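Student: Please take me through one part of this structure in close detail. Pick a single element and show how its residues are arranged.

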Amino acid sequence: MQTQIKRIDENSVAEAKEILLSGGVVAIPTETVYGLGGNAFDDTAVQKIFAVKGRPADNPLIAHVHTDYDLSKIIDYDTEIAKKLRAAFLPGPLTLVYPSTGKVSKYVSCGLNTLAVRVPSHAGAQALLKAVNLPVVAPSANLSRHVSPTSAKHVYDDFSGRIPLILDGGEAIGGIESTVCDVSGEVPVILRPGLITKEQIAAVCGDCLVYEHKGEKQVKSPGVLYKHYSPRCETALFTTVAQAVEECERLRQDKRVGILCESKWLDRFVGVVCYDLGKTPEEMATRLYAALRKAEEECDLLIAIKPEQRGGVMDGVLNRLEKACTSKDVAH
Ligand code: TXA
Ligand code: MG
């Protein structure tokens, strides 16, 4: 199969619509990262997404819909906090997990009695979703465990020859995936941190909890278990610049060492490639995945330094950085 990259416009949207309606998968841009889309009602299309990505069969997918989509077609139970959060943040990088099942393909939620729904703000994504007027499930368009894609080229690098079409909507400016938030109870619970922050959600709903996986068998959001976002080079993560400098000096004669850090540490390193995450948490979110993908091409070892700020968007950036540079698969 030949994989085409086409700028997103009326013609390419029409082509993508045909593919989706006939059970195929198409890569689509969103404001967070690129997604690998398929018709959420179509068992075969949903299974195809799992197969193409190599995604574990117990990691559920997010259904994407356009701004005017009638939610009652896919969820059978709405909640007060969901209404508030939709009004405050959608369309945008916030996925809401509803206590609902049964309307989309059974493969979407992998046996959980919930459905995750997202309304992306990217104009190209909206145009496609409006054209099909269907919920489109779309995990990040990377091979399972690999770094998420923020450009059409990243998607091509992972799926060339395996999908027919990539809609190119430019660089994904958000840079990290949406915040996933369970809205089934009275208090929202963040399952995956992202660009809509705990602080912002608490300001709208009065409170906001953050789910932590403590080894229990029934996991609320299986995605939290897996090794993720990982570049194909070796990685090491340090909390201080002094440790990173020492490790870099020790290893740089034998290996192609790269440094990933916020701008202020760059001048501490000489003779090695540096990937500049920028200064603000938002900048770091935008740049992180592209830097990890570049590093895996250019380095044997990537040494990352944890940024110092905490809270807000930084929670999402640190979550991705830690998973990319340290996490191991949890056997289960
Ligand atoms: O920004 C995003 O959300 C991107 C773009 C493409 O929209 N999509 C994305 O999808 O990140 P994916 O499949 O890579 O991550 C989905 C996350 C996983 O952590 C998964 O476990 C969680 O959402 N999830 C999906 N359905 C869920 C459900 N019913 N309950 C709890 N967690 C769910
Ligand atoms: Mg993903």
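Tutor: Start with a term: a residue is buried when its relative accessible area is under 20%, and exposed when that area is over 50%. The model is predicted.

The part to look at is helix 1, residues 10-21. Its length comes first. At 1.5 Å a residue, its 12 residues should span 16 Å; the end C-alpha atoms lie 16 Å apart, so expectation and model agree.

Now its sides. Ser 12, Val 13, Ala 16, Ile 19 and Leu 20 are the buried residues of helix 1. Viewed down the helix axis, they fall within an arc of 120°, so they line one face. The general rule behind such patterns is simple. An α-helix has 3.6 residues a turn, so residues three or four places apart point the same way. On helix 1, the face turned away from the buried side carries exposed residues: Glu 10, Asn 11 and Glu 18.

What do the buried residues of helix 1 pack against? Their partners include several strands: strand 1 (4-7), strand 2 (26-28), strand 3 (35-39), strand 7 (136-137) and strand 8 (165-168). Helix 4 (123-132) is also among them.

Finally, the ends. Asp 9 caps the N-terminal end of helix 1. A side-chain oxygen of Asp 9 lies 3.0 Å from the backbone nitrogen of Asn 11. Asn 11 is also one of the exposed residues on the outward face. Just after the helix comes Gly 23, with a positive phi of about 90°.

Conventions: Residues are numbered from 1 along each chain as its sequence is written. Chains are lettered from A and ligands numbered from 1 in the order in which they are written. This is a predicted model: local features need pLDDT of at least 70, side-chain atom pairs count only at pLDDT 80 or more; totals for chains, interfaces and linings use all residues. Side-chain values use heavy atoms; hydrogens and water are left out. Helices (H or I, at least four residues) and strands (E, at least two) are DSSP runs, numbered from the N terminus. The expected span of a helix is 1.5 Å times one less than its number of residues. Buried means under 20% relative accessible area, exposed over 50%, partly exposed in between (1.4 Å probe, protein chains only). The arc is that of the directions from the helix axis to the C-beta atoms. Contact means heavy atoms within 4.5 Å. A polar contact is a pair of N or O atoms within 3.5 Å; within protein, one must be able to donate a hydrogen and the other to accept it, and residues adjacent in sequence count only if both atoms are side-chain atoms.
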